[in-house]
Amino acid sequence: MKIEVSRADELGEDFRHQIAEVLTQGFAEDFAFFSKNADVLANAFAPMLVLERFHIALVDGEPAAVAVVTEGGQECFKPDRRELQRVLGPLHGMISYRIIRSQFMGAYNGAREGLTEIAFVTTAPQHQGKGVATALMRRFLELPSDQFVLRDIKDTNTPALGLYAKLGFTETQRRRIKFAKRAGFAAYVSMGLNRAKSDA
């Protein structure tokens, strides 16, 4: 098995839909409002991906894991209202457009140059447990940033939390959520890695 890591824009437009498939598979539960149909979800998300923000781990040439890397005010999505309405329907597309803009866009309060936020990390089901996400994360840690953050990881996502801890990330915040029983998890966990401290 050969794992290669590349930025999505270096792979080119031909990979856009495959990248969207891996992303929407991994976050199907979180994206269920938009659609519960896997093909529809991928069709809705593919056009709005800002490819230069997405990094891809390929296994034997096929996208196997994805993650987003941003710094400062950079965005990873560029939603088009008309395109979402075409795929999801006029009303649902409009509501989805507003949700994406309010929930998935806009830098968080601590964003700045030199601080890298890693988000939307997910691995295709058939490639889980093979070190693909580890290869992707190790590549990010080669970036010349002084600090890395991961926000809003579900506290039930034990494999992800374990991987990040193994790479040197520590918990920085735990945000309890309402209606935890219905949601299936109790809190969002944020983690960070401070390069200056880890190198000291």
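## Salt bridges, ring pairs and backbone angles

Q: What makes the contact of Arg16 with Glu13 a salt bridge?
A: The closest N and O atoms of Arg16 and Glu13 are 2.7 Å apart, and the contact is called a salt bridge because a side-chain nitrogen of Lys or Arg has to lie within 4 Å of a carboxyl oxygen of Asp or Glu. The model is predicted: local features need pLDDT of at least 70 and side-chain atom pairs count only at pLDDT 80 or more, whereas totals for chains, interfaces and linings use all residues. Residues are numbered from 1 along each chain as its sequence is written, and side-chain values use heavy atoms, with hydrogens and water left out.

Q: How do you know whether Arg16 counts as buried or exposed, and Glu13 likewise?
A: The relative accessible area decides (buried is under 20%, exposed over 50%, partly exposed in between, with a 1.4 Å probe and protein chains only). Arg16 has 16% and therefore counts as buried, while Glu13, with 51%, is exposed.

Q: Which parts of the chain does the salt bridge of Asp146 with Arg112 link?
A: In this salt bridge the closest N and O atoms are 2.9 Å apart. Asp146 is in the loop between helix H6 (132-140) and E5, and Arg112 in the loop between helix H5 (90-103) and E4, 34 residues apart, so the pair links distant parts of the chain (helices, H or I with at least four residues, and strands, E with at least two, are DSSP runs numbered from the N terminus). Asp146 is partly exposed at 36%, and Arg112 counts as partly exposed at 32%. The structure holds 11 salt bridges, and one network of them links Glu29, Asp30 and Lys154.

Q: Why is the pair of Phe31 and Phe120 called tilted?
A: The two ring centres are 6.5 Å apart and the planes stand at 45 degrees, so the pair is tilted (rings of Phe, Tyr and Trp, the last by its six-membered ring, pair if their centres lie within 6.5 Å; planes under 30 degrees apart count as stacked, over 60 as edge-to-face and the rest as tilted). Phe31 lies in the loop between H2 and H3 and Phe120 in strand E4 (residues 115-123), so the pair ties together parts that are 89 residues apart in sequence. Phe31 is buried with a relative accessible area of 1%, and Phe120 is buried with 18%.

Q: Where do Asp60 and Asp152 lie, and what is the phi of each?
A: Asp60 lies in the loop between strand E2 (54-59) and E3, and has a positive phi of about 50 degrees although it is not a glycine. Asp152 is found in strand E5 (residues 147-154), and its phi, likewise positive in a residue other than glycine, is near 55 degrees. At 55% relative accessibility Asp60 counts as exposed, whereas Asp152, with 36%, is partly exposed.
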